[in-house]
Amino acid sequence: MERSEIMQRVVGILTEAVEVRRQARENPGVEVALTGAVSALLVETLPKIELPADASAQEVAHIITDALAPAIVTLANCFSYAFVHLAEVHDQGRTDTTTADVLRALSLQFAQRDGE
């Protein structure tokens with residue numbers, strides 16, 4: 001999965017989180033259903049790992065770390081980027097835009113990168 005696609009998915013997850021928070025605020029005590037977007041993203045970005053039957057615990061740890069590290073770093077970077085982008089808009093005191101607007105613009109920015 002390309003980094004821009006991961007970023008768009010991260011923006012979707014954050015957009016869903018904003019909506020869940022809004023619903024929880026408006027309907028206290030009512031459980032809000034999640035779509036499973038986080039789980040789906042993890043399934044699609046984390047690699048399948050095959051371990052040798054005779055691998056030691058230390059070898060298993062090394063294999064797993066090497067296999068998962070790139071995907072976890074990419075996911076963390078995408079979430080961090082989105083957070084910083086939202087924080088910058090907030091810190092600028094912008095009142096002409098909503099969180100949803102900022103996330104939508106961020107998603108479009110990365111969609112255009114896919115189109116280039």
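Guide: Start at A82, which is buried, with a relative accessible area of 0%. Buried means under 20% relative accessible area, exposed means over 50%, and partly exposed lies in between (1.4 Å probe, protein chains only).

A word on the source. This is a predicted model, so local features need pLDDT of at least 70 and side-chain atom pairs count only at pLDDT 80 or more, while totals for chains, interfaces and linings use all residues. Residues are numbered from 1 along each chain as its sequence is written, and side-chain values use heavy atoms, with hydrogens and water left out.

Back to A82. It sits in helix α3. Helices here are DSSP runs (H or I, at least four residues), numbered from the N terminus. Helix α3 covers 57-91. Set aside residues up to four places away in sequence, and A82 touches M7, V10, L14 and L106. Touching, or contact, means heavy atoms within 4.5 Å. A82 and Q8 are 74 residues apart along the chain, yet their C-alpha atoms are separated by 9.9 Å.

In soluble globular proteins, nonpolar side chains tend to be buried together.

Follow M7 next. Leave aside its neighbours within four places in sequence, and M7 is in contact with C78, Y81, A82, L106 and F110. Two of those partners, Y81 and F110, form an aromatic pair with each other. A search of the whole structure finds one aromatic pair. In Y81 and F110 the ring centres are 5.8 Å apart, with 85 degrees between the planes, so the pair is edge-to-face. Rings of Phe, Tyr and Trp (its six-membered ring) pair if their centres lie within 6.5 Å; planes under 30 degrees apart count as stacked, over 60 as edge-to-face, and the rest as tilted. The pair links distant parts of the chain: Y81 is in helix α3, F110 is in helix α4, and they are 29 residues apart. Y81 is partly exposed, at 36% relative accessible area. F110 is buried, at 6%.

Helix α1 also has R3. R3 is partly exposed, with a relative accessible area of 45%. Beyond its neighbours within four places in sequence, R3 is in contact with T74, N77 and C78. R3 and T74 are 71 residues apart in sequence, and 7.4 Å apart in space, C-alpha to C-alpha.

Finish at the largest pocket. Its lining is made of L86, V89, H90, R94, T97, T98, T99 and V102. Helices α3 and α4 (99-115) each supply at least two residues of that lining. Helix α3 gives the most, with three residues. By type, the lining has three nonpolar residues, four polar and one charged. Here Ala, Val, Leu, Ile, Met, Phe, Trp, Tyr, Cys and Pro count as nonpolar, Asp, Glu, Lys and Arg as charged, and the others, Gly among them, as polar. A pocket is an open set of points on a 1 Å grid over the protein atoms alone, where a 1.4 Å probe fits, with protein on both sides within 12 Å along at least five of seven lines; lining residues have an atom within 4 Å of a point.
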